[in-house]
Amino acid sequence: MKLQHATWPQVQAYFQTSDTVIIGVGSCENHGMHMPLGTDALVPEKLIEMIEARTHVLCAPVLPFGSCEYFTGFPGTISLGDDILRSVLGRIADGLYTAGARHFVFVNGHGGNIPAIEAVCYALSKKGAIGAVMNWWSMAGSFDPGWAGGHGGGQETAAILYINPDWVDRSAMAPGDIAPVAPQIQAVTLKNAQFKGVQIPVPRDARSICRNGWVGPDDVHAATAEWGEKMLTTIADYIAEFIEAFQDAPLG
Ligand SMILES: [Zn+2]
């Protein structure tokens, strides 16, 4: 049941028999020249639609903005920052808590949102509730190492090709690129550099170090809608099963 389509008496009735809710968290940010800015919200939206068909759990609207300070140099990127995201998510969780929610499942589309979501989970834990965080892109690699991916790379491109191929600009697919930190220090992700085999965080503004905006190690050209369908179906099945088990989690 989608919260935005339900009446308040329907929500009241829902919480008489269940205390589980799903909250989707997205971002509006650069995903490379070939991918839509809304990718990190569009994938959780699709996953939640698939989970809803399997579980009938109450689903709040996906928050379309997150925390992505490092991408604000790319046009169209909008970041709430960690503090505001934490406040907004806290208010969303509080509203659902007041209505009766105690088991919260966050379906997250963006790594930069993790600190804020986890802070909300700790706050919920202190008042007798519990939260779980589904970071779909990192879960994907657990199901199939070939599904692991970077930011805006083959993994996310496959997901969007499945959701709506019209949102991928194939003509703009081009190699990813990140400038090294120094001649002897290579960049391995947007944040992490590598020196003598050891990874060292060197946080830098993304626009000044990568021209395209997507970051490997996977390849956007390998993405297919079939990959996206199999990957998102597997993750939706898993989250639906997780929710069944999570509903039995005791509350403090
Ligand atoms: Zn993304």
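Reader: So which domains is the protein chain divided into?
Author: Keep in mind this is a predicted model. The chain splits into domain 1 (3-7 + 14-177 + 223-246) and domain 2 (178-211).

Reader: What separates their centres?
Author: Taken over C-alpha atoms, the centres of domain 1 and domain 2 are 26 Å apart. Domain 1 puts seven residues into the contact and domain 2 puts in 10 residues.

Reader: And what classes are the residues on the domain 1 side?
Author: On the side of domain 1 that touches domain 2, there are three nonpolar, three polar and one charged.

Reader: OK, switching to the core. How many residues has the largest nonpolar core?
Author: It has 65 residues, and Val21, Ile22, Leu47 and Val107 have the most contacts inside it. Both domain 1 and domain 2 give residues to this core, so it lies between them.

Reader: What does Val107 touch?
Author: Leaving out residues up to four places away in sequence, Val107 touches Ile22, Gly24, Pro44, Leu47, Ile48, Met134, Trp136 and Ile239.

Reader: Helices next. How do the axes of helix 5 and helix 7 cross?
Author: The axes of helix 5 (residues 136-143) and helix 7 (residues 225-246) come within 10 Å and cross at roughly 100°. The two helices are therefore roughly perpendicular to each other.

Reader: Which residues make that contact?
Author: Helix 5 uses Trp136, Met139, Ala140 and Phe143, while helix 7 brings Met231, Thr234 and Ile235. By class, that contact has six nonpolar residues, one polar and no charged ones.

Key
Residues are numbered from 1 along each chain as its sequence is written. This is a predicted model: local features need pLDDT of at least 70, side-chain atom pairs count only at pLDDT 80 or more; totals for chains, interfaces and linings use all residues. Axes are lines fitted to C-alpha atoms, for helices over the stretch in contact, and angles run from 0 to 180 degrees between N-to-C directions. Helices (H or I, at least four residues) and strands (E, at least two) are DSSP runs, numbered from the N terminus. Angles under 35 degrees count as roughly parallel, over 145 as roughly antiparallel, 65 to 115 as roughly perpendicular and the rest as oblique. Two residues are in contact if their C-beta atoms, placed from the backbone, lie within 7 Å. Ala, Val, Leu, Ile, Met, Phe, Trp, Tyr, Cys and Pro count as nonpolar, Asp, Glu, Lys and Arg as charged, and the others, Gly among them, as polar. A nonpolar core is a set of buried Ala, Val, Leu, Ile, Met, Phe, Trp, Tyr and Cys residues joined through C-beta atoms within 7 Å. A residue is buried if 20 or more other C-beta atoms lie within 10 Å of its own, exposed if 12 or fewer, and partly exposed in between; C-beta atoms are placed from the backbone. Domain bounds come from an automatic or database domain assignment.
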